[in-house]
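Visitor: Could you walk me through this structure, one point at a time, while I look at it?

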Amino acid sequence: MSAAERRAEITSAIRAETGIDEALIDRIVDEFYSRVRNDDLIGPIFNQRIADWGPHLRQMKAFWSSVALMSGEYHGQPMRKHLPLPVDAQHFDRWLQLFQETVNDLCTPKAAEHFMERARRIAESLELGIAGANGVMLAKGARFKRVESSIS
């Protein structure tokens, strides 16, 4: 069996088990980023960096198709894009909270858990990477807290 055939088989099994398809991913991404844009904590971070939401939403739909369905649609470097962001544990917690609320509102419990397992791993990986890029090596279970510098 070729790699493409194996990928298609895995994607088909995930769809059958969870009910996740591209239409659901589109609804989740659109709703989630609507919530993000309006959020007091993380909204400003996104809104300062994204002038045209159309391309970003298309990229996030490809990303979540790859993450949730193993579709292979996304070909980016999320860590590199997130390293310069002024975020820490509180931002990842809020991102996860908004994502959890979104998938709970739009998905079956099985699909919501499928998305959340992956979202938690993504958030943890990005938080670890950002901490490391800021010279902080986190112990297992530790969280990254930015130190506010006071410039006199």
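Visitor: Which residues in H6 meet which residues in H7?

Guide: This is a predicted model, in which local features need pLDDT of at least 70, side-chain atom pairs count only at pLDDT 80 or more, and totals for chains, interfaces and linings use all residues. Residues are numbered from 1 along each chain as its sequence is written, and side-chain values use heavy atoms, with hydrogens and water left out. With contact taken as heavy atoms within 4.5 Å, the H6 side consists of Ala89, Phe92, Trp95, Leu96, Phe99, Gln100, Val103 and Asn104. These meet, in H7, Ala112, Phe115, Met116, Ala119, Arg120, Ile122, Ala123, Leu126, Glu127 and Ile130.

Visitor: How many residues of each class does the contact of H6 with H7 have?

Guide: Ala, Val, Leu, Ile, Met, Phe, Trp, Tyr, Cys and Pro count as nonpolar, Asp, Glu, Lys and Arg as charged, and the others, Gly among them, as polar. Sorted in this way, the contact of H6 with H7 has 14 nonpolar, two polar and two charged residues.

Visitor: Are H6 and H7 roughly parallel or roughly antiparallel to each other?

Guide: Axes are lines fitted to C-alpha atoms, for helices over the stretch in contact, and angles run from 0 to 180 degrees between N-to-C directions; H6 and H7 pack at about 165 degrees, with their axes 10 Å apart. Angles under 35 degrees count as roughly parallel, over 145 as roughly antiparallel, 65 to 115 as roughly perpendicular and the rest as oblique. H6 and H7 are therefore roughly antiparallel.

Visitor: How many helices and how many strands does the protein have?

Guide: Helices (H or I, at least four residues) and strands (E, at least two) are DSSP runs, numbered from the N terminus. Read along the sequence, the pattern is α-α-α-α-α-α-α, and the count is seven helices and zero strands.

Visitor: At what angle do the axes of H2 and H6 cross?

Guide: Helix H2 covers residues 22–37 and helix H6 residues 89–106, and their axes come within 9 Å. Among the residues that meet here are Leu24, Ile28 and Phe32 in H2, and Trp95, Leu98 and Phe99 in H6. The crossing angle of H2 and H6 is roughly 135 degrees.

Visitor: Is the crossing of H2 and H4 left-handed or right-handed?

Guide: The axes of H2 and H4 come within 9 Å and cross at roughly 130 degrees, which makes H2 oblique to H4. A crossing is left-handed if the near helix is turned anticlockwise from the far one by less than a right angle, and right-handed if clockwise. By that convention the crossing of H2 and H4 is right-handed.

Visitor: Which residues are the closest to the centre of the largest pocket?

Guide: On a 1 Å grid over the protein atoms alone, a pocket is an open set of points where a 1.4 Å probe fits, with protein on both sides within 12 Å along at least five of seven lines, and lining residues have an atom within 4 Å of a point. Grid points are joined across faces, edges and corners, and a volume is the space filled by probe spheres set on the points; the largest pocket has a volume of about 660 Å³. Of the 25 residues that line the largest pocket, the closest to its centre are Phe46, His56, His82, Leu85 and Leu126.

Visitor: Which helix supplies the largest share of the lining of the largest pocket?

Guide: The lining of the largest pocket divides into 18 nonpolar, five polar and two charged residues. Helix H3 (43–49), helix H4 (53–69), helix H5 (78–82), H6 and helix H7 (109–133) each supply at least two residues. The largest share, six residues, comes from H4.

Visitor: Which element gives the most to the lining of the second largest pocket?

Guide: The second largest pocket has a volume of about 230 Å³, and of its 14 lining residues the closest to the centre are Glu124, Glu127, Leu128, Ala142 and Arg143. The elements that give two or more residues to this lining are H6 and H7. The most, five residues, comes from H7.
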